[in-house]
Amino acid sequence: MDNHFDVIVLGTGLIESITAAALSKAGFKVAHIDPNPYYGADEASLSLDELVQWVNRRKEHDRFVTHYGELPPHARQYSVSLGPSVIPSIGPFISSLIASGVSRYGSFKLLGRVVIYDGGMLKDVPQSKDDIFQSKAMSLLEKRRVTRFLMFAAGDFENNKELHGQENSPLLDFLHRIFLLSEATARAITYALGYCYFIAEKTLPALHRIRAYLKASGRYGPSSFLVGYYGGSGEIAQGFCRAAAVRGGVYILGRSVTSISSVDPAEPENPVLTSDLPRFAIEVDDFPDRLHCRCLISSTSLLPGHLRTLADVIRPSISSYGSPRPFAVARCIAVVDGPITLPWDIEDSGTSEVSDSLLLVFPPGSLHGGSAISAVHVMTAGPGTMSAPSGKGILYISMPLLTNSDHSAEILLRPYLTAVLSLFAVEQQQRKTLICSTFYIQELNSCTASTSDSLVGLLVVPSSSPHTTQGVDEAAIVAEATFRQAASSLNREIKEMNQGCEQTVFWPVLAEVEEVEGNDMHW
């Protein structure tokens, strides 16, 4: 194997995988390395037996990881996600999926219902004007007020008088004071339309999210969101890796990086890539030769500490991001015997259609024994997305943590798991049997920006956002910023003409990609 590359990427998380695919398609020579034997890193999609192996490895250094239950038959027919999320139907991530051609490598479907836990019951969250006027839970006056807010949020609200001076106030207060919405309606909009995690989240970024989701509604159907098959994000990350491999990317999985060093150009042993000398040398476990590159991109967790302070940290501005960044996320993956579905009759919506891909939101303080600080999201999956065998279901429960918690994920999330099983049993009039469950805390690694001169070509990307609805869009934004920074450090211009102006191209024209790749697009 030729060991000289333009770019070496460490980690196959969603951000790194999108970046690697874009760089490969732009003509750069890329090597992609991950110490795990699978793609996706913290967003990987695993079978149940792989999940148990993952848990056993984590237990060696994390006493708070717990797993209960025996492996069910056909464990390899399950695809569980370590970082479950939904995909907005309009946004930077879906644009990257389409422009890169990766959307054709997988399958997607509309997210089913979005429901909120309120007063001990599940209630549908109106996602459109039709939903509002069909609802029997709101008075006519409340319906008019909600409609007025949705028209405000869907438009150009930045210069609107209602928003003036309120940009940094909590969205919940803004809805009460400016639009006179009831407590229940304001909570539904805040936590299940704006998808705020915390009580004090600012109004302006939440409005940016709401506007994006309102515009996304109707592109593919009534829901604003899509869900991926076979576990979601991990499978999509693997799709981007395949796109990079098709364009010549080299993949090394299951091998740890043992050494990373910056290269002195004066050393005579340094190989010449084109007209430039490599800037970094990487040693990989059980590889006889060092790998060389001019640009090194790494996830925070895989970059040695002595290099983190010398790296350029990729932190693009994101208008919809205004909440405090969580320190970690408490997660639960639970497999149940029986499908997890809700008929469309909780609010008498007039149809019997069901889906096993749902999103349930617990606002802060809504559940006795639960968190008074954080909203908790519960996603469901099943055979409808090829994530579980027929008659089985998967629950994903996530709670963002602002600080390091003294409690285990099990202590934090067990009340929600108990409540969800009880709620679904009541709605379906069928008791749910828990087959197995896993509790763990996913830490979100951060990296301090360099206070001195950084090394040219050394880039570090943050952990992917754990946000259920905007996480993938943030990943696409960070990936594009990383791509542009990498291209700049390589001193190569990738440009196209756009009305007489030259612009850097994130994805090449899809027709050109198809011509090179031919018909090798089915996965």
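Which residue stands opposite Phe225 in S10? Pro88 does, and the pair is shown in View 2. The structure is a predicted model, in which local features need pLDDT of at least 70, side-chain atom pairs count only at pLDDT 80 or more, and totals for chains, interfaces and linings use all residues. Residues are numbered from 1 along each chain as its sequence is written, and side-chain values use heavy atoms, with hydrogens and water left out.

**View 1. Overview of the protein.** The protein contains 13 helices and 23 strands; helices (H or I, at least four residues) and strands (E, at least two) are DSSP runs, numbered from the N terminus. Of its 523 residues, 55% are buried (under 20% relative accessible area, with a 1.4 Å probe and protein chains only). Among contacts (heavy atoms within 4.5 Å) between residues at least 6 apart in sequence, 74% join residues at least 24 apart.

**View 2. The open sheet S6-S10-S7.** Three strands form this open sheet in the order S6-S10-S7, with antiparallel pairing. Strand S6 (87-88) and strand S7 (108-110) are the edge strands, each pairing on one side only. Two strands pair if DSSP finds at least two bridges between them. S6 is joined to strand S10 (residues 225-228) by 2 bridges.

**View 3. Strand S21 and its parallel partners.** Strand S14 (residues 291-299) runs parallel to S21 and is joined to S21 by 4 bridges. Strand S15 (residues 312-313) also pairs with S21 in the parallel sense, over 2 bridges. Leu459 in S21 has Ile297 opposite, and Asp312 likewise stands opposite Leu459. In a regular strand the side chains alternate between the two faces of the sheet. In strand S21 (residues 458-461), Leu458 and Val460 point one way and Leu459 and Val461 the other, and all are buried.

**View 4. Packing of helices H1 and H12.** Two packed helices are described by the angle between their axes and the distance between the axes. Helix H1 (residues 14-25) and helix H12 (residues 471-489) pack at an angle of about 45°, with their axes 8 Å apart. H1 is therefore oblique to H12, as angles under 35 degrees count as roughly parallel, over 145 as roughly antiparallel, 65 to 115 as roughly perpendicular and the rest as oblique. The contact includes Leu14, Ile15 and Ile18 of H1, and Val472, Ala475 and Phe483 of H12. Its residues divide into 12 nonpolar, 2 polar and no charged (Ala, Val, Leu, Ile, Met, Phe, Trp, Tyr, Cys and Pro count as nonpolar, Asp, Glu, Lys and Arg as charged, and the others, Gly among them, as polar).

How values were computed. Axes fitted to C-alpha atoms, helices over the stretch in contact; angles between N-to-C directions. Buried < 20%, exposed > 50% of the residue type's maximum accessible area, 1.4 Å probe, protein only.
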